[in-house]
Amino acid sequence: MNAAHPAKPLPVYLQIAELLARQIKAGYWHGGERLPTEAELALSLSVAVGTLRKSLALLEEQGVLQRIQGSGTYVRQVQGKQQIYELFRLELVDGPGLPTAHILDVSKQACPDGFPAIASVGEFCWRVRRLRFLSQQPVALEEIWFSAKACLDLSANELGDSMYLFYQQRLGVWIARVEDQISAAVAPDWAAQPIGLLPGDCAGYVERVSWTSGNQVAEFSKTWFDPAVCRYSSRLSQ
């Protein structure tokens with residue numbers, strides 16, 4: 001296995017926008033509630049006020065926030081476009097956290113028997129193994145499979161923190177829905193520090209199948225997460 005290295009990070013303003021969106025989804029702020037002042041938010045997030053304003057402007061454009069001159073920034077009752085991490089369900093025990101990743105291994109493999117229909121048996125797929133972080137804390141191991149038909153060559157330095165954003169920009173594929181099956185499983189034999197899971201340890205486990213808007217299977221993934229530091233969260237609202 002190759003040495004781990006950080007995936008390409010999102011721009012800082014987009015990282016902050018995604019973190020704020022995840023906090024709103026988690027119930028830190030509710031529809032109609034006013035956010036702290038820009039100065040307070042910037043200080044708590046350790047970013048410049050100018051960067052924060054760019055993040056807030058993006059969330060306003062997406063329908064998540066409303067900024068009222070002389071009054072402040074408010075959470076809209078109805079949220080708008082899907083965020084990059086809308087379908088990312090892992091959260092730290094004490095809050096959502098911003099997802100990032102280190103790439104552990106990228107390899108082209110024959111599609112294993114018994115996998116969802118990302119490719120025909122024997123056809124080539126990409127297998128990506130990653131170490132997932134939430135707010136710089138290692139929380140999970142991921143193994144991601146997708147067809148190699150539209151991506152004949154791939155290196156680790158082409159992959160960013162968000163695979164779904166990679167699919168959009170590189171493959172022209174949008175993930176429209178996912179199905180998760182959650183259970184417990186032993187950590188894989190490639191588990192290693194710095195995550196607090198060793199091979200054979202009991203871990204939270206998620207198998208996910210992701211589909212395009214055309215109902216084609218685009219990705220199959222396995223995630224082993226450390227229940228001591230994170231949890232799987234799903235919220236419904238009317």
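Before I start on pairing: I call two strands paired if DSSP finds at least two bridges between them. I'm also keeping in mind that this is a predicted model.

I looked up E9 (residues 202–212) and E10 (residues 217–225), and they pair in the antiparallel sense over eight bridges. Within this pair I find Tyr-205 opposite Trp-224 in E10.

Entry 2, the whole sheet. I traced seven strands in an open sheet, and the order reads E1-E5-E6-E7-E10-E9-E8, with antiparallel pairing. Which strands stand at the edges? I get E1 (5–6) and E8 (175–186); each has a single partner strand, so one side of each is left without a neighbour in the sheet.

The largest nonpolar core has 34 residues, and Leu-20, Leu-45, Leu-52 and Leu-65 touch the most other members. Which elements give two or more residues to this core? My list is H1 (12–25), H2 (38–45), H3 (49–61), E4 (90–92) and E7. H1 gives the most, with seven residues.

I then checked Leu-65 by itself. Leaving aside neighbours within four places in sequence, its contacts include Ile-24, Leu-35, Leu-56, Glu-60, Tyr-74 and Arg-76.

Last item: another core lies apart from the largest one and has 21 residues, among them Ala-7, Ala-148, Cys-151 and Phe-166.

Technical notes:
Residues are numbered from 1 along each chain as its sequence is written. This is a predicted model: local features need pLDDT of at least 70, side-chain atom pairs count only at pLDDT 80 or more; totals for chains, interfaces and linings use all residues. Side-chain values use heavy atoms; hydrogens and water are left out. Helices (H or I, at least four residues) and strands (E, at least two) are DSSP runs, numbered from the N terminus. A nonpolar core is a set of buried Ala, Val, Leu, Ile, Met, Phe, Trp, Tyr and Cys residues joined through side-chain atoms within 4.5 Å. Buried means under 20% relative accessible area, exposed over 50%, partly exposed in between (1.4 Å probe, protein chains only). Contact means heavy atoms within 4.5 Å.
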